[in-house]
There are 2 protein chains.
Amino acid sequence: MTECKRSPCPVACVLDILGDKWTLLVVRDLLFGKHTFKAFQESPEKIPSNILADRLKRLEREGVVVRKVYQERPRRHAYYLTDKGKELSTVMRSMVKWANKYIPETYDLKTIRGMLKE
Amino acid sequence: MTECKRSPCPVACVLDILGDKWTLLVVRDLLFGKHTFKAFQESPEKIPSNILADRLKRLEREGVVVRKVYQERPRRHAYYLTDKGKELSTVMRSMVKWANKYIPETYDLKTIRGMLKE
DNA sequence: TTAGTTACTTTCAAATAACAAGTAACAAGG
DNA sequence: CCTTGTTACTTGTTATTTGAAAGTAACTAA
């Protein structure tokens, strides 16, 4: 079973998992304590529901996220980061540092955490 | 002039610039000393030429890259990272660290540097 | 019975990506 | 000169992905 990736470059491999406009925002929400489909949808960027469903599936397949039943009747699921997922916090923080330095009017992490809670 | 971004979240803003499968590979090549259109095309992931042209334009517009004439007759250009671009090395390194830990058979930075030189 | 909630899936036009081929501006060789 | 080669793109053309809206399933509560 040959794993089919573009190249053995770690950057390319990360981009095969996270290289799009939405995936890392879901990871951000998970890191900030959001766990349900609805909660992700309510974030300020307003991710379309079909894209969200697709990205959650992909993250689960990649072992970044696990899905757990949190309620029977009606059956409802919640999403959690695995250790692999949790360690993306370092990648995210380096991005935040860069953005705060070079992109005007971006909030810092604390402010964002506040925004997502409301 | 209201800047039109999805949200003031630094993660979202970074993804508006780098959130796709190719852009950060061009930045990687630049960090590793590649500077010409042809050199980027020769990297192992084989970026299509129209996508490369588009990404270089976008990176220039975002102030991550500058284009300089390195030869008149025929006129030829080379691309270089600005300070803003160079500081993406920290983001890239955090990705490499994560990939080396969680994605099997990814090379380390030194090996990749070697691959890109040949 | 009707409305509301959550977690999706489906539909479809529009945008984007991938692949192949073409072009411009020269240089070098025969 | 004329052809071949090189670099840096651009232009089609087709394939895939996206995004907005609407629909569905399985309930709960009024």
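Author: The largest cavity has a volume of about 90 Å³. A cavity here is a set of points, on a 1 Å grid over the protein atoms alone, where a 1.4 Å probe fits but cannot get out, and lining residues have an atom within 4 Å of a point. Points are joined across faces, edges and corners, and the volume is the space filled by probe spheres set on them. This is a predicted model, in which local features need pLDDT of at least 70 and side-chain atom pairs count only at pLDDT 80 or more, while totals for chains, interfaces and linings use all residues. Residues are numbered from 1 along each chain as its sequence is written, chains are lettered from A in the order in which they are written, and side-chain values use heavy atoms, without hydrogens and water.

The lining is made up of A:Leu15, A:Leu18, A:Gly19, A:Leu24 and A:Met95, together with B:Leu15, B:Leu18, B:Gly19, B:Leu24 and B:Met95. Two or more of these residues come from α1 (10–18) of chain A, and likewise from α1 (10–18) of chain B; helices are DSSP runs of H or I with at least four residues, numbered from the N terminus.

Now the contact between the chains. Chain A gives 45 residues to it and chain B 45, contact meaning heavy atoms within 4.5 Å. About 4,200 Å² is buried between them, 71% of it from carbon and sulfur atoms; buried area is the accessible area (1.4 Å probe) that two parts lose on being put together, summed over both.

Terms used: On a 1 Å grid over the protein atoms alone, a cavity is a set of points where a 1.4 Å probe fits but cannot get out, and a pocket is an open set with protein on both sides within 12 Å along at least five of seven lines; lining residues have an atom within 4 Å of a point.
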